[in-house]
Amino acid sequence: MNWEWKSKSEECEKEIQVLQKEISSATTSVSKLSRQIKSKEAQMEQLNARKQEILEKCELDQINIPTISDPMETDGQTPGPVFDFSKLSRACHQSTRPSDRAKLEADFSGKIATLVSDIERTAPNLKALDQYESLRQKEDAVAKEFEEAKNEEKKVTDEYNRIKEARYELFMKAFNHISGNIDKIYKQLTKSNTHPLGGTAYLNLDNEDEPYLHGIKYTAMPPTKRYREMEHLSGGEKTVAALALLFSIHSFKPSPFFILDEVDAALDNLNVAKVAGFIKSKSCGGARLNADPSEGCGFQSIVISLKDSFYDKAEALVGVYRDSDRSCSRTLTFDLTKYRES
């Protein structure tokens with residue numbers, strides 16, 4: 001009897017072990033299936049979220065998706081609309097592999113992008129009116145600014161032309177006066193008993209339209225001399241020509257007095273006497289005796305000279321000498337008016 005019970009006990013233990021193995025295998029299968037279920041549920045949640053996102057986007061873009069009534073629909077809340085896939089091609093129904101679905105999705109995305117691009121090209125720009133208004137305001141501002149600049153430019157141009165004309169008038173007034181007197185003065189400085197007519201001098205403008213922008217050519221021809229450039233004249237002839245120009249300029253707007261520093265250095269005694277006589281005739285006393293309105297009023301001259309031809313025609317002499325005792329310069333003055341020829 002004991003042997004039988006022992007045998008049965010061993011058989012039960014073997015059965016228990018077999019059952020435990022089956023339980024362990026079943027538990028493993030249940031765990032695997034649970035994980036698969038959770039994975040599928042997660043995928044379903046992702047797909048539902050993607051579906052909801054697509055539905056919301058379609059609603060915003062006002063895209064009507066074909067749907068059908070759900071035969072399983074009850075009065076309770078449904079998870080969402082049921083789509084009508086009847087219009088899809090048979091190839092789309094049969095494509096179940098992920099690669100095929102990805103390819104179809106790419107094709108649909110390309111078609112959608114093309115349609116959207118066509119719609120954007122054909123759709124009216126609702127902001128065009130606002131943009132036009134903004135551009136019109138900018139145009140008005142620019143046009144106003146341009147008009148103001150144009151008026152300012154005209155104002156400046158008119159002022160410039162006025163000043164230009166006034167400058168031209170002032171220049172020509174001085175030039176005409178000097179040009180009209182220079183030949184007369186040059187003749188007075190160069191005439192003599194043997195040449196009573198004297199020489200000839202005149203001025204020419206390089207540019208008559210805008211004379212102040214270009215040069216003035218000065219031509220002087222001494223008596224019995226033919227035309228030559230100014231640089232070809234002798235030193236004395238150049239001095240006489242320069243003095244004629246100086247006295248002509250002075251006749252336009254006279255200065256209170258002249259200071260002539262050894263202008264007679266290159267002149268011979270005859271020309272020194274001519275220059276001295278001319279200066280005496282244009283001095284204040286001489287101008288009163290020989291009044292000529294075209295030549296202006298008389299002037300005072302201070303002449304520094306070492307030639308006595310100037311001395312006898314002066315009204316006063318001022319001499320400078322060195323005082324050796326005091327180691328300084330001293331001056332002497334001598335009034336010649338009391339010795340004038342009656």
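User: How many disulfides does the structure hold?
Analyst: A disulfide is a pair of cysteine sulfur atoms within 2.5 Å. The structure holds zero of them. This is a predicted model, in which local features need pLDDT of at least 70 and side-chain atom pairs count only at pLDDT 80 or more, while totals for chains, interfaces and linings use all residues. Residues are numbered from 1 along each chain as its sequence is written, and side-chain values use heavy atoms, with hydrogens and water left out.

User: Does Cys12 count as buried, exposed or partly exposed, and what about Cys328?
Analyst: Buried means under 20% relative accessible area, exposed over 50%, and partly exposed in between (1.4 Å probe, protein chains only). Cys12 has 42% relative accessibility, so it counts as partly exposed. Cys328, at 30%, is also partly exposed.

User: Which residues have the most contacts inside the largest nonpolar core?
Analyst: A nonpolar core is a set of buried Ala, Val, Leu, Ile, Met, Phe, Trp, Tyr and Cys residues joined through side-chain atoms within 4.5 Å. The largest one here has 29 residues, and those with the most contacts inside it are Tyr186, Leu189, Tyr218, Ala220, Phe247 and Val275. Because domain 1 (143-253) and domain 2 (255-341) both give residues to this core, it lies between them. Those domain bounds come from an automatic or database domain assignment.

User: What is Val275 in contact with, leaving aside its neighbours within four places in sequence?
Analyst: Contact means heavy atoms within 4.5 Å. On that basis Val275 is in contact with Leu189, Leu243, Leu267 and Phe310.
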